[in-house]
Amino acid sequence: TGFITLDPGFKNTGATTSAITYLDGEEGILRYRGYPIEELAEKSTFLEVAYLLIYGELPTQAEFTDFQNKVSRHTLIHEDMKKFFEGFPTKSHPMGQLSALVGALSAFYPESLNPDASEEEDNLTIIKLLAKFPTIVSWIYKKSLGHPVIYPKNKLDYVSNYLNMTFGQLTEEVEIDPIVTSAMNKLLILHADHEQNCSTSTVRIVGSSNANLFTSISAGISALWGPLHGGANQAVIEMLERIKEDGGDSEKWLAKAKDKNDPFRLMGFGHRVYKNFDPRAKIIKKACDDILDSLGVQDPVLNIAKKLEETALSDPYFVDRKLYPNVDFYSGIIYRALGFPTDMFTVLFALGRLPGWIAQWKEMRTNKEPIGRPRQVYTGHPKRNFVAMKDR
Ligand code: CMC
């Protein structure tokens with residue numbers, strides 16, 4: 001069977017070539033299709049970045065208008081899917097609902113199952129997924145409140161439509177503060193792709209069996225849910241709350257994080273690839289200050305977060321291991337200021353990551369990559385004979 005190289009966690013194994021995202025963890029550089037994340041976060045919109053990731057270039061005005069029109073045409077959810085959706089217990093975790101609902105789209109759009117679909121047919125499936133995802137996400141939120149769902153308004157742009165379905169009311173027009181729309185665009189752009197992380201690798205590996213787009217993305221959502229990955233944004237706020245209730249002593253909690261006999265980790269700190277700083281965290285920290293200021297929100301956990309960061313960054317444990325705040329350290333504080341409940345944070349990460357997952361799935365399919373199938377080194381028993389139950 002040949003020689004097998006072991007690399008638990010794939011720390012040094014490249015699984016693919018990719019032309020989508022460039023990441024230099026030593027220098028703290030992140031670019032989508034060559035464009036620095038800092039510029040995109042400042043100057044672009046989320047839907048434009050989605051186009052860039054999926055199709056490889058920034059759109060012209062005509063291309064963008066066409067794309068936006070196509071996406072707007074598919075924002076409705078099949079009414080039968082609502083019955084399935086209504087069956088979830090009100091308090092079930094939004095991520096469990098999201099992965100189930102996105103997987104269920106394959107039942108409603110069976111044409112997506114064809115692995116030999118033309119590029120045009122695949123593109124329609126991509127548009128449908130991009131269009132329906134915000135509707136699903138906002139409906140999950142409305143259900144958690146016991147409120148009626150809001151149907152999409154296709155005259156609104158992508159992010160405004162999502163916010164309207166989330167914060168709008170069936171009974172009256174609600175104006176969404178432009179600060180909120182701009183903050184959402186920025187956060188979603190910063191989450192839009194991150195090369196071969198756990199959920200993206202999952203999407204590619206599931207898709208490599210020729211599984212359809214909806215199922216592949218549903219698997220990615222499940223991978224994202226874990227607290228070591230996208231679930232960290234929920235875990236950070238829960239941690240900061242616990243520290244606050246415990247009296248706000250950052251030194252005490254950092255000591256716990258350093259103690260190898262204590263399972264506690266400083267959530268929102270450390271990254272597999274960034275060993276300098278996470279460029280997304282830098283932008284988010286600044287955005288967090290600006291947004292809380294503009295909205296006039298004061299959140300006591302922000303001070304705890306800042307104190308933790310400052311203390312950790314001068315502590316040899318964190319310095320030696322090159323542990324820096326990551327994208328999730330401050331994002332939850334912004335989501336909270338915008339009015340989202342904690343258990344929606346990872347769903348927002350998924351909404352942001354969607355174009356990246358789609359782009360990676362499409363690239364894998366276009367490149368006709370072989371099925372993903374890692375090997376192992378067997379450590380079990382050598383051959384032994386079956387023992388009858390009475391003799392065991
Ligand atoms: N708190 C305390 N110690 C830590 C932490 C932390 N947050 N992160 C890493 N370490 C220590 C770890 O114990 C190990 O120490 P030692 O060498 O003494 O055994 C060393 O640093 C290396 O850590 P590792 O677990 O081998 O590194 P990894 O690359 O396998 O894990 C990570 C990366 C992100 C899973 C990890 O840093 C972590 O658990 N962080 C907290 C969870 C988190 O914030 N995740 C979000 C990641 S960014 C969003 C996304 O894209 O998913």
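This is a predicted model: local features need pLDDT of at least 70, side-chain atom pairs count only at pLDDT 80 or more; totals for chains, interfaces and linings use all residues.
## Domain layout

The protein chain is divided into two parts. Domain 1 covers 25–229 + 356–366, and domain 2 covers 232–338. Taken over C-alpha atoms, the centres of domain 1 and domain 2 are separated by 27 Å. Domain 1 puts 19 residues into the contact, and domain 2 puts in 21 residues.

## Ligand shell

The ligand is surrounded by 21 residues. The closest are Ala232, Arg265, Gly270, Arg272 and Asn326. The shell splits into 8 nonpolar, 9 polar and 4 charged residues.

## Helices H2 and H17

Two packed helices are described by the angle between their axes and the distance between the axes. Helix H2 spans residues 46–55, and helix H17 spans residues 345–366. Their axes come within 8 Å and cross at roughly 15 degrees. Angles under 35 degrees count as roughly parallel, so H2 is roughly parallel to H17. The crossing of H2 with H17 is right-handed.

H2 brings Val49, Ala50, Leu53 and Ile54 to the contact. These meet Pro355, Gly356, Ile358, Ala359 and Lys362 in H17. By class, the contact has 7 nonpolar, 1 polar and 1 charged residues.

## Helices H13 and H16

Helix H13 (residues 279–295) also pairs with a helix, H16. The two axes come within 8 Å, with a crossing angle of roughly 25 degrees. That angle makes H13 roughly parallel to H16. The crossing is left-handed.

From H13, the contact takes Ala281, Ile284, Lys285, Ala287, Cys288, Ile291, Leu292 and Leu295. From H16, it takes Phe329, Tyr330, Ser331, Ile333, Ile334 and Ala337. The classes are 12 nonpolar, 1 polar and 1 charged.

## Helices H14 and H16

H16 (residues 328–338) also meets helix H14 (residues 300–313). Here the axes come within 10 Å and cross at roughly 170 degrees. Are H14 and H16 roughly parallel or roughly antiparallel to each other? Angles over 145 degrees count as roughly antiparallel, and H14 and H16 are therefore roughly antiparallel.

Val301, Leu302 and Ala305 in H14 meet Phe329, Tyr330 and Ile333 in H16. This contact has 6 nonpolar residues, with no polar and no charged ones. Phe329, Tyr330 and Ile333 of H16 are listed in the contact with H13 and in the contact with H14.

Conventions:
Residues are numbered from 1 along each chain as its sequence is written. Axes are lines fitted to C-alpha atoms, for helices over the stretch in contact, and angles run from 0 to 180 degrees between N-to-C directions. Helices (H or I, at least four residues) and strands (E, at least two) are DSSP runs, numbered from the N terminus. Angles under 35 degrees count as roughly parallel, over 145 as roughly antiparallel, 65 to 115 as roughly perpendicular and the rest as oblique. A crossing is left-handed if the near helix is turned anticlockwise from the far one by less than a right angle, and right-handed if clockwise. Two residues are in contact if their C-beta atoms, placed from the backbone, lie within 7 Å. Ala, Val, Leu, Ile, Met, Phe, Trp, Tyr, Cys and Pro count as nonpolar, Asp, Glu, Lys and Arg as charged, and the others, Gly among them, as polar. A residue is near a molecule or strand if its C-beta atom, placed from the backbone, lies within 6 Å of it. Domain bounds come from an automatic or database domain assignment.
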